[in-house]
Amino acid sequence: MKPYCPPSEPHPVRDKFAAARRELSSALIEREDEVDLALTALIANEHVLLVGPPGCGKSLLLDSLLAWTGGAKFSILLTKFTAVEEVMGPVSLVGLKEDRYVRVTAGKLPEADYAFVDEVFKGSSAILNCLLKILNERVYDAGDGAARAVPLKLCLGASNEWPSPDTGKELSALFDRFTLRKTVSPIRSRTGRARLLWTPDHTPRLSSTITPAEVEQARRSAAALPWSEDAKQALEAVLAELAREGVRPGDRRQFKTVGVVRAFAFLNGADAVRPEHLEVAQHCLWDCPEEHPQKVAQAIARVANPAGMRIAQLLLEVESVLAATDVRNLAAAAKAAAKLGEVDKQLAGLDGHTRMETARRYVREQLRTLKLASIEAI
Ligand SMILES: Nc1ncnc2c1ncn2[C@@H]1O[C@H](COP(=O)(O)OP(=O)(O)OP(=O)(O)O)[C@@H](O)[C@H]1O
Ligand SMILES: [Mg+2]
């Protein structure tokens with residue numbers, strides 16, 4: 001079975017997503033998964049959280065995504081000193097004179113279609129509570145007890161660390177509101193590092209913008225995608241396997257995953273959800289960041305065997321072979337070259353996957369560099 005189906009009908013909005021995916025992924029180094037995650041979240045109307053060390057490109061990606069979207073935006077870096085007013089807007093003085101408690105929300109989170117909250121767990125307890133309500137119920141309370149609907153479609157969260165398990169109630173509740181969550185690792189490959197060092201500017205330049213109406217169109221098209229029987233069985237098998245290993249994502253999380261996988265299938269131009277689209281569920285179906293992400297990724301790789309995950313695994317193997325090889329040792333260099341050749345063949349077998357060609361180009365480039373270096377060393 002081919003990993004990705006060709007789109008059956010033209011869909012200009014899906015084409016826009018495909019172009020943004022290409023442009024973001026080619027500007028940002030080794031951030032293909034994070035780009036996919038953010039675009040999937042946008043289509044699925046779910047919130048996404050990226051956790052990683054300082055300077056690994058989280059803001060660059062999330063800012064670029066926000067620059068692509070039209071509509072009202074709100075961005076903030078939270079600290080424990082950030083006041084509620086900075087997020088929710090100041091209390092209206094005119095209102096107070098009339099004995100009414102209302103906030104002036106213009107330009108603040110209650111009026112945003114899209115939000116980027118950096119250091120999202122650093123806010124005070126009052127801010128975490130406001131965020132929780134807005135992210136979860138998509139309503140806010142101006143202080144007069146009346147719940148007002150907010151237009152928020154997507155909150156992009158970033159943090160340098162995962163909240164610890166013994167964290168407070170508000171924090172763990174807020175953490176749970178991010179349906180998609182991923183660790184961002186520093187750049188791994190030598191070629192990636194060279195690109196980072198010697199490219200003067202890494203800012204993605206997107207050739208289009210997308211309106212909230214177009215995002216809504218994408219959301220509806222994605223929500224209409226049927227799940228194939230194979231994919232349904234694969235998800236049930238993954239959940240059963242996880243339960244055996246003691247990983248039991250909550251019912252809400254499981255249900256939301258169904259929509260997220262649909263959005264990922266849409267992003268990939270598929271006309272139905274297939275088992276390989278479960279790849280994205282590795283970022284949804286867990287609660288404990290210490291051990292569960294690996295367990296979930298392994299269970300999905302075993303049951304659904306998605307090509308994208310195999311590509312990532314093969315590239316990691318290439319990195320560890322290269323790191324362990326001394327090019328001055330001819331026998332070791334020949335062994336490494338044979339291994340890279342084998343990986344290239346396995347990648348060729350994943351025909352049809354969007355990332356296969358880029359991965360093969362990378363492996364062949366490494367193979368050439370390896371051969372040249374060992375010739376020079378003689
Ligand atoms: N993967 C990457 N691809 C391209 N550029 C990168 C990448 N990682 C880091 N950079 C470069 O480093 C700069 C800093 O990245 P950025 O501010 O996005 O990091 P961050 O993860 O948000 O850090 P912090 O946690 O401190 O907020 C970027 O503007 C970019 O020039
Ligand atoms: Mg940042």
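Helices (H or I, at least four residues) and strands (E, at least two) are DSSP runs, numbered from the N terminus. This is a predicted model, in which local features need pLDDT of at least 70, side-chain atom pairs count only at pLDDT 80 or more, and totals for chains, interfaces and linings use all residues. Residues are numbered from 1 along each chain as its sequence is written, and side-chain values use heavy atoms, with hydrogens and water left out.

Q: What places Asp113 in a loop?
A: Asp113 sits between α5 (93-97) and β3 (114-118), in the loop that joins them.

Q: Why is Asp113 called buried?
A: Buried means under 20% relative accessible area, exposed over 50%, and partly exposed in between (1.4 Å probe, protein chains only). Asp113 has 12% relative accessibility and therefore counts as buried.

Q: Which residues does Asp113 touch, not counting those up to four places away in sequence?
A: Contact means heavy atoms within 4.5 Å. By that rule Asp113 touches Gly71, Ala72, Pro151, Leu152, Lys153, Leu154 and Pro212.

Q: Why is Ser159 called buried?
A: Its relative accessible area is 3%, so Ser159 is buried. Ser159 belongs to strand β6 (residues 154-159). Beyond its neighbours within four places in sequence, Ser159 is in contact with Leu50, Val51, Gly52, Lys58, Glu119 and Phe121.

Q: What makes α6 and α7 roughly parallel?
A: Axes are lines fitted to C-alpha atoms, for helices over the stretch in contact, and angles run from 0 to 180 degrees between N-to-C directions. Angles under 35 degrees count as roughly parallel, over 145 as roughly antiparallel, 65 to 115 as roughly perpendicular and the rest as oblique. The axes of α6 (residues 125-137) and α7 (residues 169-177) come within 9 Å and cross at roughly 30 degrees, and the two helices are therefore roughly parallel to each other.

Q: Which residues make the contact between α6 and α7?
A: From α6 they are Ser125, Leu128, Asn129, Leu131, Leu132, Leu135 and Asn136, and from α7 Glu170, Leu171, Ala173, Leu174 and Arg177. They divide into 7 nonpolar, 3 polar and 2 charged (Ala, Val, Leu, Ile, Met, Phe, Trp, Tyr, Cys and Pro count as nonpolar, Asp, Glu, Lys and Arg as charged, and the others, Gly among them, as polar).

Q: How do you know that the radius of gyration agrees with a compact globule?
A: The radius is taken over C-alpha atoms, and the globule rule is 2.2 Å times the number of residues to the power 0.38. For 378 residues a compact globule would have a radius near 21 Å; the chain has 23 Å, which agrees.

Note on methods: Chains are lettered from A and ligands numbered from 1 in the order in which they are written.
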